[in-house]
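Please keep the sequence and the structure at hand while reading.

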Amino acid sequence: MRALRDLFFRRISLVHIVLLGVLLRGFGLVTASVIDMDGTVYARRGESFARGDFAQGLRGAFPPVFPFLIGLFHLVVPDIELAGRLVSFVFGVLLIYVFFLFAKRFLDEKQALWGAFFVAIHPYLVKPSFQVLSESVAIFLFAVAIFLFYKGWTEDRSTDVALSGIVLGLTYLTRPEYIVFFAPMGLMLLWKKKFIRTLVFLCCFFAFVLAYMYYMKMETGLI
């Protein structure tokens, strides 16, 4: 009975932490006043995706994942700026839970709760969660990619390694600077002499990256 009670209160603690994260991000959401300059570009491209104009939505220097998500939210949220802020808000809150799952699997539940609390209140994670900018989505995707990669690396699971490559590719299509992380992750697999898994990881990652680079090359002449 005591073990069940302790488990119950630990679950309540996680609920409280998530609610704290929601409140902090929600306060920023309702008090935000001016959209960032880059946010207006994301919003316009999100509108293009929402009306089915994918060619226009993919056009330009900014990567497509964040505006595509804005377009999806805009299908049910009439205000395009609010749709963009809600995308960041949802992924900012989801990051709290994803971090808890990651830390719980490889550390322990108490440390996972403290880590989730840190993610919930950290200003550099709270602020992007109500802006029309891609940081919140990119951080979430990168955390998922690292979680899947580490799980596949330690448990020798090819599926998780492949999924981590796919999610890291989506992270690149959200914030291009994340492309640099494929190198150390690939080297870690090589270090364990997992040559097939290294090839799988790189193929899954570059399937998205090279396709987008080729499209940008055809559209703009630039990468």
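## Helix H2 and its end

In this predicted model, helix H2 is followed by Gly52, whose phi is positive, near 85°. The helix itself covers residues 37–50, and its 14 residues reach 20 Å from the first C-alpha to the last, close to the 20 Å expected at 1.5 Å a residue.

Within H2, the buried residues are Gly39, Tyr42, Ala43, Arg45, Gly46, Ser48 and Phe49. The elements that cover these buried residues include helix H3 (54–58), helix H4 (65–74) and helix H5 (80–106). As background to reading such a pattern, an α-helix has 3.6 residues a turn, so residues three or four places apart point the same way.

## Helix H8 and the residue after it

Helix H8 spans residues 135–155, and from its first C-alpha to its last its 21 residues reach 30 Å, close to the 30 Å expected at 1.5 Å a residue. Asp156 follows H8 and is placed in the loop between H8 and H9.

The phi of Asp156 is near 60°, which is a positive value in a residue other than glycine.

## How H8 packs on H9

What is the angle at which H8 and H9 pack? Helix H9 comprises residues 158–172, and the two helices pack at about 160°, with their axes 8 Å apart. Since angles over 145 degrees count as roughly antiparallel, H8 and H9 are therefore roughly antiparallel to each other, and their crossing is left-handed.

On the H8 side, the contact is made by Ala138, Leu141, Phe142, Val144, Ala145, Leu148, Phe149, Lys151, Gly152 and Trp153, while H9 contributes Asp160, Val161, Leu163, Ser164, Val167, Leu168, Leu170 and Thr171. Sorted by class, this contact of H8 with H9 has 13 nonpolar, 3 polar and 2 charged residues.

When neighbours within four places in sequence are left aside, Lys151 is in contact with Arg105, Phe106, Asp156, Arg157 and Asp160. Among these partners, Asp156 is the residue that follows H8, and Asp160 belongs to the H9 side of the helix contact described above.

Conventions: Residues are numbered from 1 along each chain as its sequence is written. This is a predicted model: local features need pLDDT of at least 70, side-chain atom pairs count only at pLDDT 80 or more; totals for chains, interfaces and linings use all residues. Side-chain values use heavy atoms; hydrogens and water are left out. Helices (H or I, at least four residues) and strands (E, at least two) are DSSP runs, numbered from the N terminus. The expected span of a helix is 1.5 Å times one less than its number of residues. Axes are lines fitted to C-alpha atoms, for helices over the stretch in contact, and angles run from 0 to 180 degrees between N-to-C directions. Angles under 35 degrees count as roughly parallel, over 145 as roughly antiparallel, 65 to 115 as roughly perpendicular and the rest as oblique. A crossing is left-handed if the near helix is turned anticlockwise from the far one by less than a right angle, and right-handed if clockwise. Contact means heavy atoms within 4.5 Å. Ala, Val, Leu, Ile, Met, Phe, Trp, Tyr, Cys and Pro count as nonpolar, Asp, Glu, Lys and Arg as charged, and the others, Gly among them, as polar. Buried means under 20% relative accessible area, exposed over 50%, partly exposed in between (1.4 Å probe, protein chains only).
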